[in-house]
Amino acid sequence: MRVLILGSTGAAGVLLIEEVLNASHTVVVYARSPEKLSEETRNDRRVTIHKGELDNESALSAAMEHVDAILSALGPSVSRGPLHPSGEPLAHAYSLVIKLMKTHGVKRLLALGTPSITDSHDKFSLKMSVIVAGVRTLAHTAWKDVVAIGETIRKEGDTLDWTIVRVPLLSNSGDKEFVVGYVGDGKTGYWLTRAGFAAFTLQELTKNEWVKAAPLVTLP
């Protein structure tokens, strides 16, 4: 499978590249600063690199040619959360991605999300409500962009096979264990490793168990 990875230079994106390559797929990277990737990744013959901004339609379209699926680790920077730009730039980027997917006949999209994107299957969780309220208060523009990402994918991606991979608080541990469900269901928690996000995303790419769904993925 030929897989386009967005958000590939961030911590979660780097792990996505590793998971996809380890599963014997080929990778297309589209990034503003691909030089941030390791030399090993940049020199890997299984990796094709396209440099460009998320609003550059022609460059993004070129990267999408002959792609079977798109995996995205795009999201607001944790360190810049309160400084995230207004205007929902990531949601607008997804709108362009979806438009080009339809043009190129690419059906499968797996996108990083958070519990700020709500789902009808969610149940009340006081702790998760506090976490989301904290993000909404302290990083309001980032919260608005994440919510808009969910709305954009659900509305504009109506003909696509999308999955919004909602993750709670993230850590850099190498633990790849995860459980999948919804907020407040009694089995999901409040933490996940970035390695676990990458592992679930690759599994879902092949199993397609959560198409047109927004599951919460957490540590057991």
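These are my notebook entries on a few spots I looked up in this structure, which is a predicted model.

**Entry 1: aromatic rings**

I then looked at F178 and F200. How far apart are their ring centres, and at what angle do the planes sit? The centres are 5.6 Å apart and the planes stand at 85 degrees, so I put this pair down as edge-to-face. The cut-off for that label is over 60 degrees.

F178 is in the loop between β7 (169-171) and β8 (179-181), while F200 belongs to helix α7, residues 194-207.

Is F200 buried or exposed? Its relative accessibility is 1%, so I noted F200 as buried; the limit for that is under 20%.

**Entry 2: α7 and its partner α1**

I stayed with α7 and looked at how helix α1 (residues 11-22) packs on it. The angle is about 45 degrees, and the axes lie 9 Å apart. That makes the two helices oblique to each other. I also noted that the crossing of α1 and α7 is right-handed.

Which residues meet here? From α1 I listed A11, A12, L15, L16, E19 and V20. From α7 I listed R194, A195, F197, A198, A199, T201 and L202. Sorted by class, this contact has ten nonpolar residues, one polar and two charged.

S24 has a phi near 70 degrees and lies in the loop between α1 and β2 (26-31). N208 has a phi of about 55 degrees and lies in the loop between α7 and β10 (216-218).

How open are they? S24 has a relative accessible area of 67%, so it goes down as exposed. N208 comes out at 40%, so I call it partly exposed.

**Entry 3: T118**

My last stop was T118, in the loop between β5 (108-113) and α5 (126-138). Its relative accessible area is 55%, so T118 is exposed. What does T118 touch, leaving aside residues up to four places away in sequence? I found R154 and R166. T118 and R166 are 48 residues apart in sequence, and their C-alpha atoms are 9.3 Å apart in space.

Terms used: Residues numbered from 1 in each chain as written. Predicted model: local features only at pLDDT ≥ 70, side-chain atom pairs only at ≥ 80, totals over all residues. Heavy atoms only, no water. Phe/Tyr/Trp six-rings, centres within 6.5 Å; stacked < 30°, edge-to-face > 60°. Helix = DSSP H or I, 4+ residues; strand = E, 2+ residues; numbered from the N terminus. Buried < 20%, exposed > 50% of the residue type's maximum accessible area, 1.4 Å probe, protein only. Axes fitted to C-alpha atoms, helices over the stretch in contact; angles between N-to-C directions. Parallel < 35°, antiparallel > 145°, perpendicular 65-115°, else oblique. Left-handed = near helix turned anticlockwise from the far one by under 90°. Contact = heavy atoms within 4.5 Å. Nonpolar A, V, L, I, M, F, W, Y, C, P; charged D, E, K, R; others polar.
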